[in-house]
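Biologist: I would like to learn how to read a helical model. Can we go through one together?

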Amino acid sequence: MARRTAGSKSAWHAFASAWNAVIYRLTAAHQHADSLRLLLATPGASSEARYAEDRELLCWAVSAQSAVECLCFAVQVAVLVADGKPFTPTKDAELRFSPRGVARAVTALWPASVMAEVLARRVAAPELREIEDFRRVLFHRGALPRMIVLSAGAGPATPDAIPSNPADPA
């Protein structure tokens, strides 16, 4: 994408920002995954250890999903510019793109293109739905199932299991 494509400075800034975000989110996802691996190598029973594990898991899931969404945002900006449309968002809603929406836009513009085929395949991949669902569960419903200690302070430890956080609690 040329810096001055279609004379839209805002398109260039949005595209460049999205690509920077892809790199930042991927780097963060890898760092959180590495930290989580280290924590899980010697799982702790303390609430502090469980908190650290949960924090790294949540940060990994959010960063991984965000990397995909930032990539799709960059593609969407490029699609708008390539279609001759200016990128001049004035409302928050105009900055919202979903991976599936971007795939539909690319397919509508270039139905026989390799990009349309690859995007369609990727947004239909079960791994994308899994990371979206996993992030949603962690973000909205808390920690995943595990054993916790009910007692605090002196005295015997009383373990208990936290139930899972299914998408459908019923």
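Modeller: Start with a cut-off. A residue counts as buried when its relative accessible area is under 20%. Keep in mind that this model is predicted.

Biologist: Is E132 buried or exposed?

Modeller: E132 has a relative accessibility of 6%, so it counts as buried. This residue sits in helix α5, which covers residues 126-141.

Biologist: Which residues does E132 touch, leaving out those up to four places away in sequence?

Modeller: With those left out, E132 touches Q65 and R100.

Biologist: How much of the chain counts as buried?

Modeller: The chain has 170 residues, and 29% of them count as buried.

Biologist: Now the overall layout. How many helices and strands are there?

Modeller: The chain holds 5 helices and 2 strands. Along the sequence, the order is α-α-α-α-α-β-β.

Biologist: How do I describe two packed helices?

Modeller: Take α1, residues 9-41, and α2, residues 47-82: their axes come within 7 Å and cross at roughly 160 degrees. An angle over 145 degrees counts as roughly antiparallel. Therefore α1 is roughly antiparallel to α2. Their crossing is left-handed.

Biologist: What classes of residue make up the contact of α1 with α2?

Modeller: That contact has 27 nonpolar residues, 4 polar and 3 charged.

Biologist: What span does α2 reach, and what is expected?

Modeller: From first C-alpha to last, the 36 residues of α2 reach 52 Å. That is close to the 52 Å expected at 1.5 Å a residue.

Biologist: Which residue just after α2 takes a positive phi?

Modeller: That is G84, with a phi of about 80 degrees.

Biologist: Let me try the next pair. At what angle do α3 and α4 pack?

Modeller: Helix α3 (residues 99-109) and helix α4 (residues 114-124) pack at about 155 degrees, and their axes are 9 Å apart. So α3 is roughly antiparallel to α4. This crossing is left-handed.

Biologist: Which residues meet between α3 and α4?

Modeller: From α3 come P99, R100, V102, A103, V106 and T107. They meet M115, A116, L119, A120 and V123 of α4. By class, the contact has 9 nonpolar residues, 1 polar and 1 charged. R100 belongs to α3 in this contact, and R100 also touches E132.

Biologist: Last one. What share of contacts joins residues at least 24 apart in sequence?

Modeller: Take contacts between residues at least 6 apart in sequence. Of these, 58% join residues at least 24 apart.

Conventions:
Residues are numbered from 1 along each chain as its sequence is written. This is a predicted model: local features need pLDDT of at least 70, side-chain atom pairs count only at pLDDT 80 or more; totals for chains, interfaces and linings use all residues. Side-chain values use heavy atoms; hydrogens and water are left out. Axes are lines fitted to C-alpha atoms, for helices over the stretch in contact, and angles run from 0 to 180 degrees between N-to-C directions. Helices (H or I, at least four residues) and strands (E, at least two) are DSSP runs, numbered from the N terminus. Angles under 35 degrees count as roughly parallel, over 145 as roughly antiparallel, 65 to 115 as roughly perpendicular and the rest as oblique. A crossing is left-handed if the near helix is turned anticlockwise from the far one by less than a right angle, and right-handed if clockwise. Ala, Val, Leu, Ile, Met, Phe, Trp, Tyr, Cys and Pro count as nonpolar, Asp, Glu, Lys and Arg as charged, and the others, Gly among them, as polar. The expected span of a helix is 1.5 Å times one less than its number of residues. Buried means under 20% relative accessible area, exposed over 50%, partly exposed in between (1.4 Å probe, protein chains only). Contact means heavy atoms within 4.5 Å.
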